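Work through the exercises below with the sequence and the structure open. Try each task before reading its solution.

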Amino acid sequence: MRLFLFAIGGTGSRVLKSLIMLSAAGVKPLDENGRPVSDLEIVPVIIDPHKSNEDLKRTEALLNDYRIIRNRLYGNQLNVDGFFANRIVTLREIMSNTSVTLNDTFIFNLAAVEHDKFREFIGHATMNEANQALTSLLFADYQLENHMNIGFVGSPNIGSVALNEIKDSNEFKAFSNVFKQGDRIFFISSIFGGTGAAGFPIMVKNIRQAANLEGIENRDALSRAPIGGLTVLPYFNLEGSKDDTRIATSDFIVKTQSALYYYKGTLTGANDSNVNTIFYVGDQVRSNPYLYDPGEHGQRNNAHLVELVGAMAPLQFAGMPLSRLSDPDGYPLPTTAYEFALDKDVLNVNFLALGARTRQLIYKPMVRFHLLFLYLRTGFRDMIGQGFTEDAPKIKSDFTASQFYRTLTDQFLHGYTDWLVEMYDNTRSVGLFNIGENDMNRAIADVGTRKGLLGHKNVDNNVFKAEMNRISRDNPKYSAATVEYKLLDLFWQAATKIIDERYENIN
Amino acid sequence: MKHLVYLITGIVLTVVFFVLATGSAFNIYERLYYSQGFNDALYNHNMYPTMALITIAITWGAAAIYYYAINSVKFDRWYHWLAVCAIVTLLVPIACYTYNDAVFASAGLGYIGESIVFQLQNLLWAPLLFVIASFSMRWWSSNCRHTPFPQ
């Protein structure tokens, strides 16, 4: 099954970033029996006209790093267990030879952005007087003057016009070419801004009405496709701007209400089957104020709990039984809505504040990944030439200069640290791990090691080395494997055992 | 399979050592040091087999302790192995000398000088047997199988 994941606008990119981190940790969608969904490929498509958006750039870089790392670990294998388990591919990667040409990127190429201003995009100068007057009623002057390459600056009415051309794009055609029955579609967007609020309903409309579109394949599969969406409600604050009020925190609720009314009538109403599953997530506790930036300087917002929670929505959607999304004849069922709640309504969120199901899903994988991060940072290099590194295939010192290792440690794990620190510094503060703590015994916030006969059990690099030595000894699994796979798989198995045996059980 | 070959080879070499250390026609102890009265006394009191067994027991025992009892990631470098080898190299002559001395004392004999010189040859046999023992059994150690140098 392929999960086509449309991440729209800045919030879409940020939620996607959290999903990348969860995927790197090995969090996989589970079916109703708790088993990983088989043959899953995630195809993220970022829709954001604001290409200089820092959040978008950071997410794209992480996606590319993820791809490099995963390809080196598993190649094209789908059903794997370990770090970077979810296969994440571009549209280009899964396209067969067609007449559609596409860049090998996760970013949707929006032709509208090629126009300088929204006024030019709609051909305002060529309109007759009556149409110009109508346009003036629908759009404020500053909206007509809006530069298209900085996004829609909190104006869904611009987005709903500009994004309507998506259906004619090569990306949409390529998407329709590769979409097959059994695949699913998920949208991530915010409802209180411009790009996401407008993009979500337009994309859904175009998919459900695929039968009416020209140059589109698999129309029947598309019009019946299981569609899910994450609608992010207001959760962040902006620093005020005296001179520029195009985006204002005070408008967020009003915009949300308007959009929700619109969605109710077109997407998510009680008898509406355009969107089968909708996840709402937001927070009445607002984030630390972000720098006011309508686009000119590249929006860069800190990671936030809402994005982490939101990233679990597509995973839950992918694991849902088809019977909850389609009727026996294959037609989509009406919308079911989901919300998320913390187990404890606290400002400092750690694993213990999450509900049992969430903990079950992410606790062990995230702890494993964090321990890997600490191990690679503090222990691995000194172990080269000893123990498991000397078993075939040997891990030699030049491994640390390989593209894989540098991508993992210098780039991906650097992004991981930023993500953790940003979530920690935000409000609510997410402190799943004790930031800056290299001692593995104290790495997990408010979760210690178990008590043994002689005090608390110890967890350090040597404990990992011993466990990895034990697993690696005469293990035929690795004889034909790459060193990259061997290292990360050994660590995965060692960490699984060590977490079970040495850390307090909070699940 | 390869590891089993190493183990069997090690056992065979150790048995060969024992046979050559206890033989009368060809005795490796006497090849390296011979003093008429002293070696006759060793032979007559049947001390060669016991000394060979002490040497084998200490070297194989030390290797077993290093690879399977200690078996620690904190003690898995070549210099840790060398330290154990050095201890064995000292321990074997001391143990053999103590044994010789006890037997000679009970028999009313006095070969202190010869005994000391004779035990110097265990500075050769002890590390040799420790190396043989190490390469026979190290393969199944979880943490030290690559010590003193990788497979």
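**Exercise 1. The surroundings of A:Val45**

Find which residues A:Val45 is in contact with, leaving aside its neighbours within four places in sequence.

Solution. Step 1: two residues are in contact if their C-beta atoms, placed from the backbone, lie within 7 Å. Step 2: with that rule, the partners of A:Val45 are A:Phe4, A:Leu5, A:Phe6, A:Leu91, A:Phe106, A:Phe108 and A:Glu171.

A note on the source: this is a predicted model, in which local features need pLDDT of at least 70 and side-chain atom pairs count only at pLDDT 80 or more, while totals for chains, interfaces and linings use all residues. Residues are numbered from 1 along each chain as its sequence is written, and chains are lettered from A and ligands numbered from 1 in the order in which they are written.

**Exercise 2. Where the two domains of chain A meet**

Describe the side of domain 1 of chain A that touches domain 2 of chain A.

Solution. Step 1: 28 residues of domain 1 of chain A are in contact with 30 residues of domain 2 of chain A. Step 2: helix H1 (9-25), helix H2 (54-74) and helix H12 (305-319) of chain A are the elements that give two or more residues to the domain 1 side. Step 3: the largest share of that side, eight residues, comes from H2(A). Step 4: by class, the domain 1 side has 17 nonpolar, six polar and five charged residues. Here Ala, Val, Leu, Ile, Met, Phe, Trp, Tyr, Cys and Pro count as nonpolar, Asp, Glu, Lys and Arg as charged, and the others, Gly among them, as polar.

**Exercise 3. The sheet of chain A**

Give the strand order of the open sheet of seven strands in chain A, and explain what is particular to its edges.

Solution. Step 1: the order is S3-S2-S1-S4-S5-S6-S7, with parallel pairing; two strands pair if DSSP finds at least two bridges between them. Step 2: strand S3 (87-88) and strand S7 (336-339) of chain A are at the edges with a single partner strand each, so one side of each has no neighbour in the sheet. Step 3: follow the pairs. S1(A) and S2(A) are joined by seven bridges, with A:Ala7 opposite A:Ile46 in S2(A). Five bridges join S5(A) and S6(A), and A:Gly229 stands opposite A:Ile278 in S6(A). S6(A) and S7(A) share four bridges, and A:Tyr280 faces A:Glu339 in S7(A) as its opposite residue. Step 4: check burial. Six of the seven residues of S2(A) are buried, as are four of the five residues of strand S6 (residues 277-281) of chain A, so S6(A) is largely enclosed by the rest of the structure.

**Exercise 4. Chain B**

Determine how many helices and strands chain B has, and how its contact with chain A is made up.

Solution. Step 1: chain B has seven helices and zero strands. Step 2: of its 151 residues, 32% count as buried. Step 3: nine residues of chain A are in contact with nine residues of chain B. Step 4: the chain A side of this contact has one nonpolar, four polar and four charged residues.

**Exercise 5. A backbone angle**

Is B:Asn46 buried or exposed, and what is its phi?

Solution. Step 1: B:Asn46 lies in the loop between helix H3 (36-44) and helix H4 (47-70) of chain B. Step 2: its phi is positive, about 55°, although B:Asn46 is not a glycine. Most residues other than glycine have a negative phi. Step 3: B:Asn46 is exposed, because 10 other C-beta atoms lie within 10 Å.

Notes:
Buried ≥ 20, exposed ≤ 12 C-beta atoms within 10 Å, placed from the backbone.
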